[in-house]
Each structure stands twice: as structure tokens, then as C-alpha cells.
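Colleague: I am new to this structure and would like to learn how to read its helix packing and its sheet. Please take me through some examples.

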Amino acid sequence: MGKPSRLFLAFSGLLLGISLSGCGTKPATSSSASSSSSLESSSSSVWSDDDDLPMSHDESPDYVYADSSNAEGSMHYEIFVRSFYDSNGDGIGDLNGVTAKLPYLAEMGYKTLWLMPICPSPTYHGYDIANYYAINSDYGTLADFDALVSAAKSYNIDIMIDMVLNHCSIMNPYFSASYEDYIAGKTGTDSKADWFNWGPGGQHTYKGTYYESRFDASMPDFNLDSTGVRAEMEKIVNFWIGHGVKGFRLDAVLYYYYQATDPNIAFLNWLVGVAHKADPNFYMVGECWASDGALNSYFASACDSFFRFSEATGGDSNFINMVKGYTRADIIADTIANNESVIRGENPSSYSSYFLSNHDQDRISKNFTNSDAYKAACSLYALLPGTSYTYYGEEIALEGTRTTGTNDDLSDVKRRLPFIWSATDKTGECSFPEKNRPELNDTEQVTLGVLDQLATPFSLTNHYKMMIHLRNKYSFIKKATFTSLCSTLATSERSVMAYRLASGEKSIIVVHNFASHNVEVTAPGTTLLESINTTHRLPELANGKLKLGAYSSVILS
Ligand SMILES: [Ca+2]
Ligand SMILES: [Ca+2]
């Protein structure tokens, strides 16, 4: 490896003091051999004596920095650049700040960075783009972006950018030019009259004329049927691919043609075709905020993946509620199995993108008073088929929930607060992202930053790091089938999830214990490959009996 190996050497001093036993490749214990390798039967009982489980050894970090040659197959990291790392002391996170923190992201094991919008925009969040061919001056320059892409490549990290094609900013010159052409009745190839949907069906008016604007008056919807718009979007796609971008996160897919699935799928297919002409390996993940049933139909498109919102915070049967004990693990496993099966039927090369929350949702930290439960949520989404996304700050339990009583544009600002790098060294820490509304900056925030947590055994950050590296080690699971093994446990334990991930010759069994107590699971014929212990207690597998500590997981063969 290039830079990453030097990086890991540099961090070895820290790691020597960290117990990551149970994170390595050596199984802590092994079962007796058997010809069968499935979780076949019966009992799972609660046994509560922690002393039954051996302590891990602090001095044996047999931790392996497994690498993945398939960058897109691994864990992704979502970055709000404005709140991540400020490289020049103006209080605003910037692209050079992301470049400066590549060593951290590489150490964690992330393979793709999704940058929220980086183009010029009148808003702090940037989801209304005023110029698709430039970098927001708060964030730096195009040269800074090129430098980031180049530096990331040396770490085997891809850069994915947010691509907002449903709408632009009302400040974008496209809009005023379109209005002028529309009012003048101009037609022909040099007219932009049809770039937006002018007319009485619109939601807002500009100089007395209605136009389609589903989100906000400041965000006019493009007319995606316009030949001129399609040609411009082709230029935009090629521009960013030319600057080394490897993927797009597609904003607001449901709104392309307002909640019209077939036209939206047709547009996605066109877009993928455009990108693949320039880069056959280019990949896209769509934001299609819908229930599983509606969402699954979009997997018929050529778009590689879509975010699974129902499994993230916000729905009833989501991962967080399961980890908290509100929803049975076997029900969630059945949901995953069904979704994975359905989407493979729609498009065999498609895959899900799992996450726990993003910039439009409350921070998951509000759900957990127990950091081991928080860790268990990470263990789950890191070991599912497809790809998974960490929202920056999730790995340090950053706080932040929606503000009520503000307009839409500001209500989400506290979901996008500055990253905390260190409790003591405030170098690079960003200011509150909406500088015009400092009174909203009233969130009680975590004090320990990444550097503090990396130096602390069994911290949340170290758990994320362990899980991401395990994900990289078992990278085949991206395209694996998911088979629930919960029912074969025949258990009354509602908080144990077991499943098989299989692809070709490769197969593993994953067992999670989302309960706050130890459990015993019958797992005949299995061998312990990986111990994911959230506390110092290691699991035990002997004679087909698996003893698993609270909020802990194992990978079996
Ligand atoms: Ca800055
Ligand atoms: Ca639209």
C-alpha cells in the first residue's frame, strides 16, 4: 500500500494502547467440527452472568487493516464540507480541510467520500446551485478540488459528489434567461424558454409568472423534457467526470418528474447512459425518499443503488428502533431479505445503500443513552449487502436535531453541526454553519472528538473503525444474497438477528445480539471467524453453543 500503510504506522503508537482484541482475524474460540454449517436449531436462552465470558486481552491487538480493491464496495462517508474541517482559519470548512483529513478517513477505512453540494449557492447548505461548473468560494477553488481528488486517489478513496438535477437556484442565470426567452416567446435551439416549467401549474411566481418549484420559491424545477436542459446536464456530468469524480449522489429523484415513477426511471436510465459514455465504472446512488415498496420499483432503473430510508431513522420498523428493543430482530431480517430479493429481481446488478441517518434527519445520538447499543447499530449496517453510508460525526456521537419554529431553509441546520476533532485542540474546528443566525447555535454538543476517541479503548469511534475494516475484509458481501436464519434459532429472544451472506463460493453467517444482556444461541457446525464485542467480553463458541455478550456480534463460517 502507499500512503495508507505509512499512516497506519504513524498511528501504531496510539493503537498499542488500544484493545481491539476480538477485532482480528484469529478466532477467539472455535467450535467443534461438523459437516453442517448452519444455525439449525432450537434454544436461545438468556444467561446473565457476565463473568461467564472471558475478558479480552488489551495487549493483543491482532487487528488487521484489510484493504479492499473495490472502492465502491465498501463503506461510504457523507461530508458536509462547511462543517468538517477548516483549513485556513476563517471558520468555514473547506475542500483543503477534507484533503487534510484524508489520513483520518483512510485510517477509518472509508473508500468513498460523498461531498454534499460544493458548487456556488446562496444558501449555507448548497442544495440550490447557482453555477454547476465552479466551487463555492467558501470551500475553495476548482484547483483545490482537483488536489483533493488526486490526494484521495493515493489513499484508494473515491470522491462522489451531490448532483442536484431536479432544480437549481433562482439565482442561477439559467432561470432569468429562461424567463426572458419565455416572455419574449423566443423559440429555437438558442432559446432557454423551455428550461423551466412556466405556466399556471406552478407553485410560485416570478415577476407575475408561475413556475414549477416543488421545494421552495428559490428552487425552480428544471423541465427535464427540454432538449436544451438535457444537453446542459450532459455537459455538467462530463465536466465533473473530467475532474475525477467517480460517483454521484442524486438529489431528489422522486421530484424529477413529480412523483411519476416511470418517467423518473427513464430519466435515470438516460443519465446513467450519459455518465457511462465517459466512465463505464461511474456509479450513482439515488435519494428516493419513499417506503420500501415504492422505493424497490426504482431499482428497475440503471441507477446502481438507492438509499433505504425506511430502515434509517424516521420509520417505525427501522434499525434504531430494533436496537432499542421496540421491533423484533427477525421482523427486520425478513424485511431486509424481502427487499434484497425484490431488487435483485428488478435489476440483478443493483444494490441497497443502508444508513442510520443523513443530513436531513436528526442525529442518531439522541436515541441512545447506551453507547454499546449505538455500536450495535453500526455493527448491523456495516454487515449488510450493498453499501453503507456514515454521516460525518456519527462516529463520535455528534448531537443535533431539527429546529422548530424556523423556516424550512434553516430548520435542518442543527443536523449539520461542526465536527469535533479534539476536546482540547480546536485547530480546524468549524463555526456554526449558518453565520447569519447565530442564535440557533444552542445545541449541547459532545466534548470528546475523534482524536480523543481513537486513543480510548472500546470507544464508539474505534468500534466504527473496526466495523469498517471488517467490511473491507469481507467486501464480497456487497453483492451477497441475504438469508435470514432467525427462524432456525427457534428462539423467544426477540433481539437476536442471524443471517447468511453468500456470493459465489463465499459465505458467512452473521449473528447480532441487540439485547442488553448476554444470550446463548445454538449454532452447530459453525466456526468463529470474527468477534465483534462492544465491551471487553469476548463471545464463546464451543460444542455448537454460541455465547454472545450484550450488543455484540460475531461472524461465523
Ligand atoms: Ca475555511
Ligand atoms: Ca421536478
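Colleague: How are helix 6 and helix 7 oriented to each other?

Modeller: Angles under 35 degrees count as roughly parallel, over 145 as roughly antiparallel, 65 to 115 as roughly perpendicular and the rest as oblique. Helix 6 (residues 227-242) and helix 7 (residues 261-278) pack at about 40°, their axes 10 Å apart, and are therefore oblique to each other. An axis is a line fitted to C-alpha atoms, for helices over the stretch in contact, and angles run from 0 to 180 degrees between N-to-C directions. Helices (H or I, at least four residues) and strands (E, at least two) are DSSP runs, numbered from the N terminus.

This is a predicted model, in which local features need pLDDT of at least 70, side-chain atom pairs count only at pLDDT 80 or more, and totals for chains, interfaces and linings use all residues. Residues are numbered from 1 along each chain as its sequence is written, while chains are lettered from A and ligands numbered from 1 in the order in which they are written.

Colleague: Which residues make the contact of helix 6 and helix 7?

Modeller: Residues are in contact if their C-beta atoms, placed from the backbone, lie within 7 Å. Helix 6 contributes E234, V237, N238 and I241, and helix 7 contributes V274, A275 and A278. By class, five are nonpolar, one is polar and one is charged. Ala, Val, Leu, Ile, Met, Phe, Trp, Tyr, Cys and Pro count as nonpolar, Asp, Glu, Lys and Arg as charged, and the others, Gly among them, as polar.

Colleague: At what angle do helix 11 and helix 14 pack?

Modeller: Helix 11 (residues 371-382) and helix 14 (residues 460-473) pack at about 15°, with axes 10 Å apart. That makes the two helices roughly parallel. Residues in their contact include Y374 and C378 of helix 11 and Y464 and M467 of helix 14. The contact has eight nonpolar, three polar and two charged residues.

Colleague: What is the strand order in the open sheet?

Modeller: Strands of a sheet pair through backbone hydrogen bonds, either parallel or antiparallel. Here two strands pair if DSSP finds at least two bridges between them. The five strands have the order 12-13-14-19-16, with antiparallel pairing. Strand 12 (481-484) and strand 16 (528-532) are the edges, each pairing on one side only.

Colleague: How many bridges join strand 12 to strand 13?

Modeller: Four bridges join strand 12 to strand 13 (residues 496-503). S484 has Y499 in strand 13 as its bridge partner. Helix 10 (residues 329-346) packs on the sheet, touching strand 12 and strand 13.

Methods:
Contact = placed C-beta atoms within 7 Å.
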